[in-house]
Amino acid sequence: MKEFDSMKWASIFFALVAVAAAVWFIVQPSHTRTGAQRQDSIALPAGALATVKLPNSFTEQEQIGASAYDAVCSACHGRNAQGQDGVAPPLVHKIYEPSHHGDMAFVRAAQNGVRAHHWKFGNMPAVEGVTRSDILAIVAYIRALQRANGIN
């Protein structure tokens with residue numbers, strides 16, 4: 001009988017701990033539970049695939065690249081290279097780190113297009129009207145975004 005009492009009290013104790021943990025979880029701010037964007041990140045627009053933290057500043061070439069990116073890349077790859085669900089992948093992603101996709105991979109993809117091989121978005125067509133120097137500035141911008149997000 002004593003063993004039953006101690007089991008009953010142990011069960012009650014663990015139930016109270018579970019209730020206390022559940023209450024604690026519920027009262028926490030939603031961003032700590034969901035992993036939502038940090039305050040230093042760009043808001044995740046509808047359909048975006050990645051939250052992207054911006055660097056504190058951009059070099060002159062990166063600023064030129066940001067303007068060129070906005071003009072020719074953001075329609076598919078989203079604002080700040082966040083990607084767009086069903087359209088194009090985020091470029092601020094480990095897959096595109098320099099050791100896996102070097103700068104020339106971006107140049108070739110923009111100039112010639114590329115067959116889908118990492119994502120299920122379909123093939124990327126060649127980008128009309130961009131020069132090699134435009135693309136290299138865009139790559140500098142993307143690399144700055146990647147570094148700010150821990151992708152080196």
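**The whole chain**

Begin with everything shown, and keep in mind throughout that this is a predicted model. Coloured by secondary structure, the protein has 6 helices and 0 strands, and from the N terminus on its elements run α-α-α-α-α-α. If you colour by accessibility instead, buried residues make up 29% of the 152 residues in the protein. As for how the chain meets itself, among contacts between residues at least 6 apart in sequence, 62% join residues at least 24 apart.

**The nonpolar core**

Next, select Tyr 69, Leu 91 and Ile 142, which are the residues with the most contacts inside the largest nonpolar core, a set of 20 residues. The elements that give two or more residues to this core are α3, α5 and α6, and of these α6 gives the most, with 6 residues.

Stay with Leu 91 and display its surroundings: leaving aside residues up to four places away in sequence, Leu 91 touches Tyr 69, His 77, Ala 81, Tyr 96, Phe 106, Ile 142 and Gln 146. Two of these partners, Tyr 69 and Ile 142, were in the previous selection as well, being named with Leu 91 for their contacts inside the core.

**Where α3 meets α6**

Now select helix α3 (residues 60-72) and helix α6 (residues 132-148). Their axes come within 7 Å and cross at roughly 105°, and an angle between 65 and 115 degrees counts as roughly perpendicular, which is why α3 is described as roughly perpendicular to α6.

To see the residues that make this contact, show the side chains on both helices. On the α3 side they include Ile 64, Ala 68, Tyr 69 and Val 72, and on the α6 side they include Leu 136, Ile 138, Tyr 141 and Ile 142. Sorted by class, the contact of α3 with α6 has 12 nonpolar, 2 polar and 2 charged residues.

**The salt bridges**

How many salt bridges are there to look for? The count comes to 3 salt bridges, and each can be selected in turn.

Start with Arg 147 and Glu 62, whose side chains meet in a salt bridge at 3.1 Å, N to O. This pair links distant parts of the chain, Arg 147 lying in helix α6 and Glu 62 in helix α3, 85 residues apart.

Move on to Arg 143 and Asp 103, where the side chains meet in a salt bridge at 2.9 Å, N to O. Arg 143 lies in helix α6 and Asp 103 in helix α5 (residues 103-112), so the pair ties together parts that are 40 residues apart in sequence. Here Arg 143 is buried, with a relative accessible area of 8%, while Asp 103 is partly exposed, at 36%.

Finish with Glu 97 and Lys 94, which form a salt bridge whose closest N and O atoms are 3.4 Å apart.

Conventions:
Residues numbered from 1 in each chain as written. Predicted model: local features only at pLDDT ≥ 70, side-chain atom pairs only at ≥ 80, totals over all residues. Heavy atoms only, no water. Salt bridge = Lys/Arg side-chain N within 4 Å of Asp/Glu carboxyl O. Helix = DSSP H or I, 4+ residues; strand = E, 2+ residues; numbered from the N terminus. Buried < 20%, exposed > 50% of the residue type's maximum accessible area, 1.4 Å probe, protein only. Core = buried A, V, L, I, M, F, W, Y, C linked by side-chain atoms within 4.5 Å. Contact = heavy atoms within 4.5 Å. Axes fitted to C-alpha atoms, helices over the stretch in contact; angles between N-to-C directions. Parallel < 35°, antiparallel > 145°, perpendicular 65-115°, else oblique. Nonpolar A, V, L, I, M, F, W, Y, C, P; charged D, E, K, R; others polar.
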